[in-house]
Amino acid sequence: MTTGVLFVHGFTGGPFEVAPFRQYLKLHTDWKIVVPVLPGHELDRGLQEGSAASWIMAAELELQRLMKETDRVIVIGFSMGGLIAMYLSLRYPIDKLVLLSAAAKYISPRILLKDARIMMKSSKRHRYPADSFYHLYNYKLMHTPVRATLEFLKVVRLVRPYHHVVQTPVCIVQGKRDGIVPAATADLLFEQLGSDEKHLIYSEHGKHHICYSDDRNEWFSRVLSFLSKD
């Protein structure tokens with residue numbers, strides 16, 4: 001039986017957000033793995049061209065192609081990609097679902113403002129905190145159109161009423177130090193999802209970019225066990 005894996009990246013992000021986990025699966029399986037770039041997320045084009053409908057459609061088309069080429073399909077979504085992954089699970093017979101830092105509840109404005117202040121100070125000195133994505137967030141703050149943010153909120157609203165309808169076996173991974181999606185969001189999802197089989201893994205020191213957490217290899221292994229189980 002052949003297995004296909006569709007990764008869906010986050011809002012304003014790209015394949016780099018899930019690259020460590022993708023590489024881990026590539027090393028430990030023979031699965032076919034695809035990580036499409038959602039419309040408008042190429043850094044040289046910006047988000048003016050993207051929309052909620054186009055992001056969902058791009059992921060859906062990639063899923064359809066993968067379903068034709070493999071016997072079973074797994075969908076792994078990061079942040080906004082987690083919402084799109086849930087949407088796809090409502091429409092297609094997905095074998096397993098993995099939600100990484102899924103942005104199902106809200107963005108934490110307090111932490112974002114704190115991060116913004118750090119970024120502004122760092123950008124003036126052209127220095128950024130070690131092992132961080134502050135430089136990336138600085139770029140995003142300067143280049144993300146308000147319209148694109150409203151499109152992101154459309155994705156949140158589209159999926160929110162149907163959490164209980166999701167039946168696909170699911171594994172949720174959440175960092176306790178996530179400053180963008182509060183950790184309580186994972187608890188909320190765990191309670192609301194209708195899946196008979198559901199798992200919740202917390203990374204004690206993980207931040208929003210959970211695939212880069214210090215304990216990533218530990219939870220990578222646990223998620224792979226979930227994905228490999230019949």
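Colleague: Which residues of helix 3 are buried?

Modeller: This is a predicted model, so a ground rule: local features need pLDDT of at least 70, side-chain atom pairs count only at pLDDT 80 or more, and totals for chains, interfaces and linings use all residues. Numbering runs from 1 along each chain as its sequence is written, and side-chain values use heavy atoms, with hydrogens and water left out. Buried means under 20% relative accessible area, exposed over 50%, and partly exposed in between (1.4 Å probe, protein chains only). On that scale the buried ones in helix 3 are M80, G81, G82, L83, I84, A85, M86, Y87, L88 and S89.

Colleague: Why is helix 3 called largely enclosed by the rest of the structure?

Modeller: Helices here are DSSP runs of H or I with at least four residues, strands are E runs of at least two, and both are numbered from the N terminus. Helix 3 is largely enclosed because of its buried count, which is 10 of the 12 residues.

Colleague: Is L90 buried, partly exposed or exposed?

Modeller: L90 lies in helix 3. With Y162 and V165 it makes a nonpolar surface patch of about 250 Å². Such patches take residues with over 30% relative accessible area and no salt bridge, joining like charges within 9 Å and nonpolar side chains (Val, Leu, Ile, Met, Phe, Trp, Tyr) within 5 Å. At 33% relative accessibility, L90 counts as partly exposed.

Colleague: Which backbone oxygen lies 2.8 Å from a polar atom of the side chain of T70?

Modeller: T70 sits in the loop between helix 2 (52–69) and strand 3 (72–78), and it's buried, at 9% relative accessible area. Its side chain reaches the backbone oxygen of R72 at 3.4 Å. The one at 2.8 Å belongs to L66.

Colleague: What is the N to O distance between R72 and D95?

Modeller: R72 is buried at 13% relative accessibility, whereas D95 is partly exposed at 27%. Their side chains meet in a salt bridge, N to O, at 2.5 Å.

Colleague: How many residues apart are E151 and K154 in helix 6?

Modeller: Their side chains form a salt bridge at 2.9 Å, N to O. E151 counts as buried at 10% relative accessibility, while K154 is partly exposed at 42%. In helix 6 (residues 146–159) they're separated by about one helical turn, being apart by three residues.

Colleague: What share of the residues of the chain count as buried?

Modeller: The chain has eight helices and six strands, in the order β-α-β-α-β-α-β-α-α-α-β-α-β-α. Of its 230 residues, the buried share is 53%.

Technical notes
Areas by Shrake-Rupley, 256 points an atom, 1.4 Å probe, with all protein chains shown as cover. Salt bridge = Lys/Arg side-chain N within 4 Å of Asp/Glu carboxyl O. Polar contact = N/O pair within 3.5 Å; in protein donor to acceptor, adjacent residues only side chain to side chain.
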